[in-house]
2 protein chains.
Amino acid sequence: MAKIKPGKNASKKDVIITKAAALFRTRGFSATTMRELADAVGIEAPSLYNHIGGKGELLQAICLKVANGFTTQLTTTENLSCSNIDKIEQIIRFHITMMLDELDEVFVANHEWKHLPEPFFSNFLNQRRNYEKRLVAILEEGIKKKEFKNINPYVAMLTLLSAVRGLESFHRHKKNISTRILQDDMVTHLLKGMIMHR
Amino acid sequence: MAKIKPGKNASKKDVIITKAAALFRTRGFSATTMRELADAVGIEAPSLYNHIGGKGELLQAICLKVANGFTTQLTTTENLSCSNIDKIEQIIRFHITMMLDELDEVFVANHEWKHLPEPFFSNFLNQRRNYEKRLVAILEEGIKKKEFKNINPYVAMLTLLSAVRGLESFHRHKKNISTRILQDDMVTHLLKGMIMHR
DNA sequence: ATAAAAAACTAATAAGCGTTAGTTTTGTAA
DNA sequence: TTACAAAACTAACGCTTATTAGTTTTTTAT
(Lines give C-alpha, C1' and ligand atoms only; values in the text may rest on other atoms or scores of the structure.)
Protein backbone atom coordinates (compact mmCIF):
# COMPACT_ATOMS: atom_id res chain seq x y z
CA MET A 1 0.00 0.00 0.00
CA ALA A 2 1.23 3.47 -0.67
CA LYS A 3 -0.31 6.61 0.72
CA ILE A 4 0.86 10.14 0.09
CA LYS A 5 3.81 10.74 2.35
CA PRO A 6 3.62 13.18 5.29
CA GLY A 7 6.54 15.52 5.85
CA LYS A 8 10.22 14.81 5.46
CA ASN A 9 10.54 13.82 1.82
CA ALA A 10 9.74 17.15 0.23
CA SER A 11 12.98 16.69 -1.66
CA LYS A 12 11.85 14.12 -4.23
CA LYS A 13 8.54 15.91 -4.63
CA ASP A 14 10.42 19.09 -5.50
CA VAL A 15 12.43 17.22 -8.09
CA ILE A 16 9.23 15.94 -9.66
CA ILE A 17 7.72 19.44 -9.73
CA THR A 18 10.84 20.89 -11.30
CA LYS A 19 11.00 18.23 -13.98
CA ALA A 20 7.27 18.62 -14.57
CA ALA A 21 7.69 22.36 -15.10
CA ALA A 22 10.38 21.74 -17.69
CA LEU A 23 8.24 19.21 -19.54
CA PHE A 24 5.06 21.25 -19.31
CA ARG A 25 6.92 24.18 -20.85
CA THR A 26 8.55 22.35 -23.74
CA ARG A 27 5.82 19.83 -24.56
CA GLY A 28 2.75 21.47 -23.06
CA PHE A 29 0.67 20.22 -20.14
CA SER A 30 -1.76 18.09 -22.12
CA ALA A 31 0.90 16.58 -24.34
CA THR A 32 3.10 15.63 -21.40
CA THR A 33 2.48 12.10 -20.13
CA MET A 34 3.11 10.84 -16.66
CA ARG A 35 5.39 8.22 -18.19
CA GLU A 36 7.53 10.95 -19.76
CA LEU A 37 7.72 12.69 -16.42
CA ALA A 38 8.64 9.48 -14.68
CA ASP A 39 11.41 8.90 -17.22
CA ALA A 40 12.79 12.37 -16.54
CA VAL A 41 12.76 11.69 -12.80
CA GLY A 42 14.26 8.22 -13.27
CA ILE A 43 11.44 6.08 -11.89
CA GLU A 44 8.37 4.28 -13.20
CA ALA A 45 5.14 6.19 -13.69
CA PRO A 46 3.15 4.65 -10.82
CA SER A 47 5.95 5.50 -8.40
CA LEU A 48 5.19 9.17 -8.95
CA TYR A 49 2.00 8.68 -6.96
CA ASN A 50 4.01 7.95 -3.84
CA HIS A 51 4.92 11.64 -3.88
CA ILE A 52 2.17 13.53 -5.63
CA GLY A 53 -1.59 13.37 -5.92
CA GLY A 54 -1.89 13.53 -9.68
CA LYS A 55 -1.07 15.40 -12.84
CA GLY A 56 -3.35 18.34 -12.12
CA GLU A 57 -1.86 18.80 -8.68
CA LEU A 58 1.55 19.27 -10.28
CA LEU A 59 0.28 22.09 -12.46
CA GLN A 60 -1.40 23.64 -9.46
CA ALA A 61 1.81 23.54 -7.42
CA ILE A 62 3.73 25.29 -10.19
CA CYS A 63 1.14 27.98 -10.84
CA LEU A 64 0.55 28.71 -7.18
CA LYS A 65 4.25 29.11 -6.47
CA VAL A 66 4.68 31.59 -9.31
CA ALA A 67 1.53 33.54 -8.52
CA ASN A 68 2.51 33.91 -4.88
CA GLY A 69 5.97 35.12 -5.87
CA PHE A 70 4.63 37.89 -8.05
CA THR A 71 1.90 38.90 -5.64
CA THR A 72 4.36 39.17 -2.77
CA GLN A 73 6.73 41.33 -4.78
CA LEU A 74 3.91 43.58 -5.95
CA THR A 75 2.79 44.22 -2.38
CA THR A 76 6.33 45.20 -1.45
CA THR A 77 6.56 47.59 -4.37
CA GLU A 78 3.18 49.15 -3.68
CA ASN A 79 4.23 50.09 -0.16
CA LEU A 80 7.33 51.88 -1.35
CA SER A 81 7.31 55.68 -1.17
CA CYS A 82 8.72 56.44 -4.58
CA SER A 83 7.46 57.69 -7.91
CA ASN A 84 5.12 55.52 -9.92
CA ILE A 85 7.74 55.45 -12.65
CA ASP A 86 10.17 53.87 -10.23
CA LYS A 87 7.53 51.39 -9.13
CA ILE A 88 6.81 50.31 -12.68
CA GLU A 89 10.52 50.08 -13.40
CA GLN A 90 11.03 47.89 -10.37
CA ILE A 91 8.19 45.62 -11.40
CA ILE A 92 9.57 45.29 -14.92
CA ARG A 93 12.96 44.35 -13.54
CA PHE A 94 11.42 41.77 -11.24
CA HIS A 95 9.49 40.20 -14.09
CA ILE A 96 12.63 40.00 -16.20
CA THR A 97 14.60 38.42 -13.40
CA MET A 98 11.91 35.87 -12.72
CA MET A 99 11.61 35.08 -16.40
CA LEU A 100 15.32 34.41 -16.71
CA ASP A 101 15.78 32.59 -13.41
CA GLU A 102 12.61 30.51 -13.26
CA LEU A 103 11.79 30.22 -16.92
CA ASP A 104 10.02 26.87 -16.75
CA GLU A 105 7.73 27.71 -13.87
CA VAL A 106 6.90 31.21 -15.09
CA PHE A 107 6.24 30.00 -18.60
CA VAL A 108 3.92 27.28 -17.37
CA ALA A 109 2.07 29.71 -15.12
CA ASN A 110 1.68 32.07 -18.07
CA HIS A 111 0.53 29.59 -20.67
CA GLU A 112 -0.76 26.37 -19.15
CA TRP A 113 -2.92 27.65 -16.31
CA LYS A 114 -6.04 27.17 -18.40
CA HIS A 115 -5.61 23.45 -17.80
CA LEU A 116 -5.82 23.85 -14.03
CA PRO A 117 -8.59 21.75 -12.48
CA GLU A 118 -11.26 23.56 -10.56
CA PRO A 119 -11.30 25.24 -8.13
CA PHE A 120 -7.65 26.12 -8.75
CA PHE A 121 -8.49 27.49 -12.16
CA SER A 122 -10.89 30.08 -10.76
CA ASN A 123 -8.58 30.97 -7.92
CA PHE A 124 -5.67 31.52 -10.25
CA LEU A 125 -7.76 33.60 -12.63
CA ASN A 126 -8.90 35.81 -9.77
CA GLN A 127 -5.38 36.28 -8.50
CA ARG A 128 -4.22 37.16 -12.00
CA ARG A 129 -6.96 39.72 -12.55
CA ASN A 130 -6.27 41.24 -9.17
CA TYR A 131 -2.60 41.56 -10.07
CA GLU A 132 -3.47 43.31 -13.31
CA LYS A 133 -5.82 45.70 -11.54
CA ARG A 134 -3.16 46.71 -9.05
CA LEU A 135 -0.73 47.36 -11.89
CA VAL A 136 -3.33 49.50 -13.63
CA ALA A 137 -3.83 51.41 -10.39
CA ILE A 138 -0.14 52.31 -10.27
CA LEU A 139 -0.25 53.42 -13.89
CA GLU A 140 -3.40 55.46 -13.32
CA GLU A 141 -1.87 57.30 -10.41
CA GLY A 142 1.23 57.95 -12.50
CA ILE A 143 -0.92 59.38 -15.27
CA LYS A 144 -2.82 61.60 -12.83
CA LYS A 145 0.46 62.93 -11.46
CA LYS A 146 1.72 63.59 -15.00
CA GLU A 147 4.54 61.11 -14.60
CA PHE A 148 3.20 59.17 -17.56
CA LYS A 149 1.63 60.34 -20.77
CA ASN A 150 -2.12 60.29 -21.06
CA ILE A 151 -2.31 56.73 -22.36
CA ASN A 152 -4.83 53.99 -21.73
CA PRO A 153 -3.57 52.36 -18.52
CA TYR A 154 -5.03 48.99 -19.36
CA VAL A 155 -3.31 48.90 -22.73
CA ALA A 156 -0.10 50.04 -21.07
CA MET A 157 -0.33 47.27 -18.50
CA LEU A 158 -0.89 44.62 -21.15
CA THR A 159 1.98 45.97 -23.18
CA LEU A 160 4.36 45.85 -20.25
CA LEU A 161 3.38 42.37 -19.12
CA SER A 162 3.53 40.82 -22.54
CA ALA A 163 6.71 42.61 -23.58
CA VAL A 164 8.48 41.00 -20.67
CA ARG A 165 6.89 37.70 -21.58
CA GLY A 166 8.82 37.88 -24.84
CA LEU A 167 11.91 36.82 -22.94
CA GLU A 168 10.46 33.34 -23.04
CA SER A 169 12.03 32.95 -26.44
CA PHE A 170 15.19 34.69 -25.34
CA HIS A 171 16.75 32.04 -23.13
CA ARG A 172 18.63 30.50 -26.02
CA HIS A 173 20.81 33.61 -26.15
CA LYS A 174 21.15 33.93 -22.40
CA LYS A 175 24.89 33.78 -22.50
CA ASN A 176 25.27 36.59 -24.99
CA ILE A 177 23.67 39.38 -22.97
CA SER A 178 23.84 39.95 -19.24
CA THR A 179 20.68 40.17 -17.19
CA ARG A 180 21.48 43.72 -16.21
CA ILE A 181 21.95 44.99 -19.74
CA LEU A 182 18.81 43.20 -20.76
CA GLN A 183 16.84 44.84 -17.98
CA ASP A 184 18.17 48.27 -18.84
CA ASP A 185 17.39 47.75 -22.49
CA MET A 186 13.82 46.71 -21.88
CA VAL A 187 13.18 49.46 -19.35
CA THR A 188 14.41 51.92 -21.93
CA HIS A 189 12.12 50.49 -24.58
CA LEU A 190 9.06 50.44 -22.47
CA LEU A 191 9.39 53.62 -20.47
CA LYS A 192 11.41 55.98 -22.60
CA GLY A 193 10.74 54.55 -26.05
CA MET A 194 13.21 53.55 -28.65
CA ILE A 195 13.04 56.59 -30.92
CA MET A 196 15.92 59.05 -30.70
CA HIS A 197 14.60 62.25 -29.15
CA ARG A 198 15.58 65.44 -30.83
CA MET B 1 -15.37 4.46 -49.58
CA ALA B 2 -14.29 7.99 -48.97
CA LYS B 3 -11.24 9.64 -50.41
CA ILE B 4 -10.10 13.17 -49.77
CA LYS B 5 -12.04 15.39 -52.09
CA PRO B 6 -10.33 17.24 -54.95
CA GLY B 7 -11.31 20.82 -55.59
CA LYS B 8 -14.71 22.38 -55.32
CA ASN B 9 -15.66 21.87 -51.68
CA ALA B 10 -13.13 24.15 -50.07
CA SER B 11 -16.07 25.63 -48.21
CA LYS B 12 -16.67 22.94 -45.59
CA LYS B 13 -12.95 22.46 -45.14
CA ASP B 14 -12.62 26.14 -44.38
CA VAL B 15 -15.36 25.87 -41.79
CA ILE B 16 -13.51 23.01 -40.14
CA ILE B 17 -10.25 24.94 -40.10
CA THR B 18 -11.93 27.99 -38.62
CA LYS B 19 -13.63 25.97 -35.88
CA ALA B 20 -10.38 24.13 -35.23
CA ALA B 21 -8.53 27.41 -34.79
CA ALA B 22 -11.10 28.54 -32.23
CA LEU B 23 -10.85 25.29 -30.30
CA PHE B 24 -7.07 25.08 -30.51
CA ARG B 25 -6.87 28.57 -29.06
CA THR B 26 -9.26 28.11 -26.16
CA ARG B 27 -8.53 24.49 -25.26
CA GLY B 28 -5.06 23.98 -26.73
CA PHE B 29 -4.11 21.68 -29.60
CA SER B 30 -3.41 18.57 -27.56
CA ALA B 31 -6.45 18.95 -25.35
CA THR B 32 -8.78 19.44 -28.31
CA THR B 33 -10.35 16.19 -29.51
CA MET B 34 -11.61 15.46 -32.97
CA ARG B 35 -15.00 14.74 -31.40
CA GLU B 36 -15.13 18.24 -29.94
CA LEU B 37 -14.22 19.66 -33.32
CA ALA B 38 -16.86 17.53 -35.03
CA ASP B 39 -19.45 18.74 -32.52
CA ALA B 40 -18.53 22.34 -33.28
CA VAL B 41 -18.89 21.69 -37.00
CA GLY B 42 -22.11 19.79 -36.52
CA ILE B 43 -21.09 16.36 -37.81
CA GLU B 44 -19.66 13.12 -36.41
CA ALA B 45 -15.93 12.80 -35.88
CA PRO B 46 -15.16 10.32 -38.66
CA SER B 47 -16.93 12.56 -41.17
CA LEU B 48 -14.18 15.11 -40.67
CA TYR B 49 -11.87 12.82 -42.58
CA ASN B 50 -13.89 13.32 -45.74
CA HIS B 51 -12.49 16.85 -45.78
CA ILE B 52 -9.15 16.81 -44.01
CA GLY B 53 -6.21 14.48 -43.66
CA GLY B 54 -5.93 14.52 -39.90
CA LYS B 55 -5.50 16.60 -36.78
CA GLY B 56 -1.93 17.61 -37.54
CA GLU B 57 -2.86 18.79 -40.99
CA LEU B 58 -5.37 21.18 -39.45
CA LEU B 59 -2.69 22.78 -37.31
CA GLN B 60 -0.41 22.98 -40.31
CA ALA B 61 -3.07 24.73 -42.41
CA ILE B 62 -3.62 27.33 -39.70
CA CYS B 63 0.07 28.02 -39.06
CA LEU B 64 0.97 28.18 -42.73
CA LYS B 65 -1.81 30.63 -43.50
CA VAL B 66 -0.71 32.97 -40.72
CA ALA B 67 2.97 32.70 -41.52
CA ASN B 68 2.38 33.48 -45.17
CA GLY B 69 0.28 36.49 -44.26
CA PHE B 70 2.98 38.03 -42.13
CA THR B 71 5.78 37.19 -44.53
CA THR B 72 3.94 38.78 -47.44
CA GLN B 73 3.27 41.95 -45.51
CA LEU B 74 6.88 42.17 -44.35
CA THR B 75 8.13 41.92 -47.92
CA THR B 76 5.84 44.76 -48.91
CA THR B 77 7.05 46.91 -46.05
CA GLU B 78 10.71 46.19 -46.75
CA ASN B 79 10.38 47.48 -50.31
CA LEU B 80 8.92 50.77 -49.19
CA SER B 81 11.12 53.85 -49.45
CA CYS B 82 10.44 55.37 -46.08
CA SER B 83 12.22 55.73 -42.76
CA ASN B 84 12.87 52.66 -40.67
CA ILE B 85 10.71 54.20 -37.98
CA ASP B 86 7.81 54.28 -40.39
CA LYS B 87 8.50 50.69 -41.41
CA ILE B 88 8.46 49.49 -37.83
CA GLU B 89 5.32 51.48 -37.13
CA GLN B 90 3.62 49.93 -40.13
CA ILE B 91 4.61 46.45 -39.00
CA ILE B 92 3.32 47.08 -35.50
CA ARG B 93 0.01 48.26 -36.88
CA PHE B 94 -0.25 45.21 -39.11
CA HIS B 95 0.41 42.89 -36.20
CA ILE B 96 -2.24 44.61 -34.13
CA THR B 97 -4.79 44.41 -36.92
CA MET B 98 -4.08 40.75 -37.51
CA MET B 99 -4.29 40.03 -33.80
CA LEU B 100 -7.70 41.65 -33.53
CA ASP B 101 -9.15 40.37 -36.79
CA GLU B 102 -7.78 36.82 -36.87
CA LEU B 103 -7.27 36.21 -33.18
CA ASP B 104 -7.80 32.46 -33.26
CA GLU B 105 -5.45 31.73 -36.13
CA VAL B 106 -2.73 34.11 -34.96
CA PHE B 107 -2.90 32.83 -31.41
CA VAL B 108 -2.60 29.24 -32.56
CA ALA B 109 0.31 30.06 -34.84
CA ASN B 110 2.00 31.82 -31.93
CA HIS B 111 1.47 29.20 -29.26
CA GLU B 112 0.65 25.80 -30.70
CA TRP B 113 3.14 25.52 -33.53
CA LYS B 114 5.40 23.33 -31.41
CA HIS B 115 2.87 20.55 -31.94
CA LEU B 116 3.28 20.67 -35.71
CA PRO B 117 4.29 17.31 -37.15
CA GLU B 118 7.52 17.17 -39.08
CA PRO B 119 8.53 18.43 -41.54
CA PHE B 120 6.09 21.30 -40.99
CA PHE B 121 7.57 22.01 -37.60
CA SER B 122 11.04 22.67 -39.02
CA ASN B 123 9.66 24.67 -41.92
CA PHE B 124 7.64 26.87 -39.65
CA LEU B 125 10.56 27.41 -37.30
CA ASN B 126 12.77 28.46 -40.18
CA GLN B 127 10.18 30.86 -41.51
CA ARG B 128 9.76 32.35 -38.06
CA ARG B 129 13.48 32.86 -37.54
CA ASN B 130 13.78 34.39 -40.96
CA TYR B 131 10.99 36.82 -40.12
CA GLU B 132 12.74 37.81 -36.91
CA LYS B 133 16.03 38.34 -38.71
CA ARG B 134 14.43 40.63 -41.24
CA LEU B 135 12.86 42.66 -38.44
CA VAL B 136 16.23 42.93 -36.73
CA ALA B 137 17.73 44.11 -40.01
CA ILE B 138 15.26 46.99 -40.18
CA LEU B 139 16.02 47.91 -36.59
CA GLU B 140 19.77 47.72 -37.19
CA GLU B 141 19.57 50.03 -40.15
CA GLY B 142 17.46 52.43 -38.12
CA ILE B 143 20.05 52.40 -35.36
CA LYS B 144 22.86 53.04 -37.81
CA LYS B 145 20.98 55.99 -39.27
CA LYS B 146 20.36 57.37 -35.75
CA GLU B 147 16.62 56.99 -36.11
CA PHE B 148 16.58 54.69 -33.11
CA LYS B 149 18.56 54.82 -29.91
CA ASN B 150 21.59 52.58 -29.57
CA ILE B 151 19.67 49.60 -28.21
CA ASN B 152 20.10 45.90 -28.75
CA PRO B 153 18.10 45.24 -31.92
CA TYR B 154 17.34 41.64 -30.99
CA VAL B 155 15.90 42.66 -27.63
CA ALA B 156 13.94 45.41 -29.35
CA MET B 157 12.52 42.97 -31.85
CA LEU B 158 11.44 40.56 -29.13
CA THR B 159 9.89 43.39 -27.16
CA LEU B 160 7.89 44.60 -30.12
CA LEU B 161 6.64 41.18 -31.15
CA SER B 162 5.62 40.10 -27.70
CA ALA B 163 4.09 43.41 -26.73
CA VAL B 164 1.71 43.09 -29.62
CA ARG B 165 1.06 39.51 -28.61
CA GLY B 166 -0.39 40.85 -25.39
CA LEU B 167 -3.51 41.76 -27.29
CA GLU B 168 -4.37 38.09 -27.12
CA SER B 169 -5.86 38.78 -23.71
CA PHE B 170 -7.41 41.99 -24.88
CA HIS B 171 -10.25 40.72 -27.01
CA ARG B 172 -12.64 40.65 -24.10
CA HIS B 173 -12.58 44.44 -24.07
CA LYS B 174 -12.74 44.81 -27.82
CA LYS B 175 -15.87 46.88 -27.74
CA ASN B 176 -14.48 49.43 -25.34
CA ILE B 177 -11.58 50.71 -27.43
CA SER B 178 -11.40 51.16 -31.18
CA THR B 179 -8.71 49.47 -33.20
CA ARG B 180 -7.30 52.79 -34.26
CA ILE B 181 -6.93 54.18 -30.77
CA LEU B 182 -5.42 50.90 -29.67
CA GLN B 183 -2.88 51.02 -32.48
CA ASP B 184 -1.94 54.60 -31.70
CA ASP B 185 -1.60 53.82 -28.02
CA MET B 186 0.69 50.87 -28.58
CA VAL B 187 2.79 52.66 -31.16
CA THR B 188 3.24 55.44 -28.65
CA HIS B 189 4.27 53.00 -25.94
CA LEU B 190 6.72 51.13 -28.04
CA LEU B 191 8.30 53.84 -30.11
CA LYS B 192 8.05 56.99 -28.04
CA GLY B 193 7.78 55.51 -24.56
CA MET B 194 5.20 56.21 -21.95
CA ILE B 195 7.13 58.62 -19.76
CA MET B 196 6.20 62.29 -20.05
CA HIS B 197 9.10 64.10 -21.69
CA ARG B 198 10.14 67.34 -20.09
C1' DA C 1 -35.48 10.16 -63.30
C1' DT C 2 -31.19 8.16 -62.90
C1' DA C 3 -26.49 7.51 -62.13
C1' DA C 4 -22.32 8.98 -60.00
C1' DA C 5 -19.93 11.38 -56.61
C1' DA C 6 -19.67 13.61 -52.15
C1' DA C 7 -20.36 13.42 -47.54
C1' DA C 8 -22.71 11.80 -43.88
C1' DC C 9 -23.39 7.80 -40.74
C1' DT C 10 -22.35 3.45 -37.35
C1' DA C 11 -19.10 0.32 -35.72
C1' DA C 12 -14.82 -0.86 -34.48
C1' DT C 13 -9.77 -0.76 -34.10
C1' DA C 14 -5.23 -0.35 -31.86
C1' DA C 15 -2.74 2.58 -29.09
C1' DG C 16 -2.06 5.48 -25.32
C1' DC C 17 -3.75 7.81 -21.28
C1' DG C 18 -3.91 8.67 -15.96
C1' DT C 19 -4.32 6.00 -12.31
C1' DT C 20 -4.96 1.93 -8.84
C1' DA C 21 -3.77 -2.50 -6.69
C1' DG C 22 -0.73 -5.44 -4.88
C1' DT C 23 4.04 -6.80 -4.13
C1' DT C 24 8.93 -6.31 -3.49
C1' DT C 25 12.90 -3.70 -2.49
C1' DT C 26 15.26 -0.16 0.03
C1' DG C 27 16.37 2.73 3.76
C1' DT C 28 16.22 3.74 8.79
C1' DA C 29 15.99 3.29 13.75
C1' DA C 30 15.64 0.27 17.92
C1' DT D 1 19.18 -8.23 13.59
C1' DT D 2 14.72 -7.18 13.39
C1' DA D 3 10.86 -4.41 12.45
C1' DC D 4 8.57 -0.75 10.18
C1' DA D 5 7.81 2.57 6.84
C1' DA D 6 8.96 4.81 2.53
C1' DA D 7 9.33 4.19 -2.10
C1' DA D 8 10.24 1.49 -5.74
C1' DC D 9 8.39 -2.18 -8.85
C1' DT D 10 4.97 -5.09 -12.18
C1' DA D 11 0.51 -5.74 -13.80
C1' DA D 12 -3.54 -4.18 -15.04
C1' DC D 13 -7.81 -1.36 -15.22
C1' DG D 14 -11.15 1.53 -17.44
C1' DC D 15 -11.36 5.21 -20.49
C1' DT D 16 -10.31 8.13 -24.30
C1' DT D 17 -7.85 9.02 -28.34
C1' DA D 18 -7.23 9.54 -33.52
C1' DT D 19 -8.28 7.07 -37.15
C1' DT D 20 -10.12 3.29 -40.52
C1' DA D 21 -13.69 0.35 -42.71
C1' DG D 22 -17.85 -0.26 -44.53
C1' DT D 23 -22.49 1.44 -45.37
C1' DT D 24 -26.16 4.71 -46.14
C1' DT D 25 -27.83 9.14 -47.14
C1' DT D 26 -27.55 13.41 -49.61
C1' DT D 27 -26.24 16.25 -53.29
C1' DT D 28 -25.14 17.11 -58.11
C1' DA D 29 -25.28 16.58 -63.07
C1' DT D 30 -27.16 14.66 -67.00
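How many residues does the contact take from chain A and from chain B? In this predicted model, local features need pLDDT of at least 70 and side-chain atom pairs count only at pLDDT 80 or more, whereas totals for chains, interfaces and linings use all residues. Residues are numbered from 1 along each chain as its sequence is written, and chains are lettered from A and ligands numbered from 1 in the order in which they are written.

The contact takes 37 residues from chain A and 37 residues from chain B, two residues being in contact if their C-beta atoms, placed from the backbone, lie within 7 Å. On the side of chain A that touches chain B, two or more residues come from helix H7 (153–165) and from helix H8 (179–192) of chain A; helices are DSSP runs (H or I, at least four residues) numbered from the N terminus. H7(A) gives the most to this side, with eight residues.

Most residues other than glycine have a negative phi, and most peptide bonds are trans. The peptide bond from A:Glu118 to A:Pro119 is cis, with omega near 5°, and A:Pro119 lies in the loop between helix H5 (103–111) and helix H6 (120–144) of chain A. In chain B, the bond from B:Glu118 to B:Pro119 is cis, with omega near 5°.

A:Lys146, in the loop between H6 and H7 of chain A, has a positive phi of about 65° although it is not a glycine. A:Lys146 counts as exposed because it has 9 C-beta neighbours inside 10 Å, the cut-off for an exposed residue being 12 or fewer other C-beta atoms within 10 Å of its own, with C-beta atoms placed from the backbone. B:Lys146 has a positive phi of about 65°.

Technical notes
A residue is buried if 20 or more other C-beta atoms lie within 10 Å of its own, exposed if 12 or fewer, and partly exposed in between; C-beta atoms are placed from the backbone.
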